[in-house]
Amino acid sequence: MLFDTHVHLNDDAFNDDLEEVIVRAKENDVTRMAVVGFNEETINRALELADKYDFVYLIVGWHPTDAITFTAEKLEWLRELASHPKVVALGEMGLDYHWDTSPKETQFEVFRQQIRLAKEVNLPIVIHNREATEDVVRILQEENAAEVGGIMHCFGETVEVMEACLAMNFYISFGGTVTFKNAKLPKIAAESVPLDKFLIETDAPYLAPHPNRGKRNEPSYVKLVAEKLAELKELKYEEIARHTTENANKLFKLS
C-alpha cells in the first residue's frame, strides 16, 4: 500500500482522463491520496473529489503565491472547512520567493494566520518552501508550529534544515526530485531521515520522477519514488511502503 500525501488531482491537467489516472494509481499500489486545494477554485474542486472517492483525503489552505488574495473571509472559510470529515491537514502554506506574485510581508502574515488557525483546530500543516528556507524555519519556530507539526512538502534542503524541522515535529516528504540524477540534497536527506518521520508524494501533475521527468506527473508514479527511497535506504520496497503509509496514517489520524 502506498499513500500519495500530496497530489493535485484537482488540476486541469487531469480533466480528460481522471478515471484512467486513478486506475493506474491503484494498479501501482496506491490506496490513498491527499488532494491539495490551495485557493478558492482548487479547494472547491478538491471537495468534489473527496465526495466522489472514498480514498481521497483533503489538505486545504492558501498558497503563498496567492497570499495577496487572502482575506478575513477566506480565513473563516478555512476554519469551517477544518471540521470537514475528509480534511486531514491545512496547507499548502508557506513562502515562495521564486514567483513574484505576493509581497513578502503579505506572505508572512498569511502564513502566520494559517499556522495559528491550525493550532486552534488541531490539524497538522503542509509547508511550501521555495527559495525561502531561512524565513520558513524562523516563522515556524516563532509561531511554535511544533504544537501541531506537519509535513515539509517536496523536501530538498540540507540535513541541518531537516533536523531543525524534525525537532518541530515535522515529517519529511520526498517526491520526484529525489529520483533526479543531479539532485544531491534530497538524496542525502533521504538516506538519513528516520524511518518513522518520512513520507512520499508526487505533487502531480508537477515534478514527475525519472524516467518520466518533464512529462505530466500522476499518482501511480509515487511507486517510483518509493523504489528510489528503498535503494537509498537499502531497504525492500515493501518496507518503504509500510513505513510511509503508517507514518501518513498516524499524522493524518487515519485508521
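Select Val-56 in strand 3, residues 56-60. Strands here are DSSP runs of E with at least two residues, helices are runs of H or I with at least four, and both are numbered from the N terminus. This is a predicted model: local features need pLDDT of at least 70, side-chain atom pairs count only at pLDDT 80 or more, and totals for chains, interfaces and linings use all residues. Residues are numbered from 1 along each chain as its sequence is written, and side-chain values use heavy atoms, with hydrogens and water left out.

Val-56 has 0% relative accessibility and counts as buried. Buried means under 20% relative accessible area, exposed means over 50%, and partly exposed lies in between (1.4 Å probe, protein chains only). Now show what touches Val-56. Leaving aside neighbours within four places in sequence, the contacts are Met-33, Val-35, Leu-49, Ala-50 and Lys-86. Contact means heavy atoms within 4.5 Å.

**Helix 1**

Move to helix 1, residues 18-27. Which of its residues are buried? Pick Leu-18, Val-21, Ile-22 and Ala-25. They cover an arc of only 100° around the axis, so they sit on the same side of helix 1. The arc is taken from the directions between the helix axis and the C-beta atoms. Show strand 2 (30-37) and helix 2 (40-52) next: the buried residues of helix 1 pack against both. Then click Asp-29, which follows helix 1 and has a positive phi, near 75°.

Thr-42 is in helix 2. Its relative accessible area is 12%, so Thr-42 is buried. Setting aside neighbours within four places in sequence, Thr-42 is in contact with Asn-10 and Gly-37.

Arg-45 is also found in helix 2. At 23% relative accessibility, Arg-45 counts as partly exposed. Not counting residues up to four places away in sequence, Arg-45 touches Asn-10, Asp-11, Asp-12 and Asn-15.

**The nonpolar cores**

In soluble globular proteins, nonpolar side chains tend to be buried together. A nonpolar core is a set of buried Ala, Val, Leu, Ile, Met, Phe, Trp, Tyr and Cys residues joined through side-chain atoms within 4.5 Å. The largest core holds 75 residues. Which of them touch the most other members? Select Ile-125, Leu-140 and Phe-174.

Centre on Ile-125. Beyond neighbours within four places in sequence, its contacts include Leu-90, Met-93, Ile-115, Leu-140 and Phe-170. A second, separate core has 16 residues, among them Ala-34, Ile-59, Ile-151 and Tyr-171.

**Helix 4 against helix 5**

Show helix 4 (residues 104-121) and helix 5 (residues 133-142). They pack at an angle of about 40°, with their axes 10 Å apart. Axes are lines fitted to C-alpha atoms, for helices over the stretch in contact, and angles run from 0 to 180 degrees between N-to-C directions. Helix 4 and helix 5 are therefore oblique to each other. Angles under 35 degrees count as roughly parallel, over 145 as roughly antiparallel, 65 to 115 as roughly perpendicular, and the rest as oblique.

Now display the side chains. Helix 4 makes the contact with Phe-108, Phe-111, Arg-112 and Ile-115. The residues on helix 5 include Asp-135, Val-136, Ile-139 and Leu-140.

**Strand 7**

Go to Ser-173 in strand 7, residues 170-174. Is Ser-173 buried or exposed? Ser-173 counts as buried, at 0% relative accessibility. Apart from neighbours within four places in sequence, its contacts include Thr-5, Met-152, His-153, Cys-154 and Leu-199.

**Backbone stops**

Start with the cis peptide bonds. One joins Gly-91 and Glu-92, with omega about 5°. Glu-92 is in strand 4, residues 87-96. Another joins His-210 and Pro-211, with omega about 10°. Pro-211 sits in the loop between strand 8 (198-200) and helix 8 (222-233).

Finish with positive phi. Asn-122, a residue other than glycine, has phi near 60°. Look in the loop between helix 4 and strand 5 (125-130). Asn-122 counts as partly exposed, at 47% relative accessibility. Asn-144 has a positive phi near 50°. Find Asn-144 in the loop between helix 5 and strand 6 (150-152). Its relative accessible area is 41%, so Asn-144 is partly exposed.
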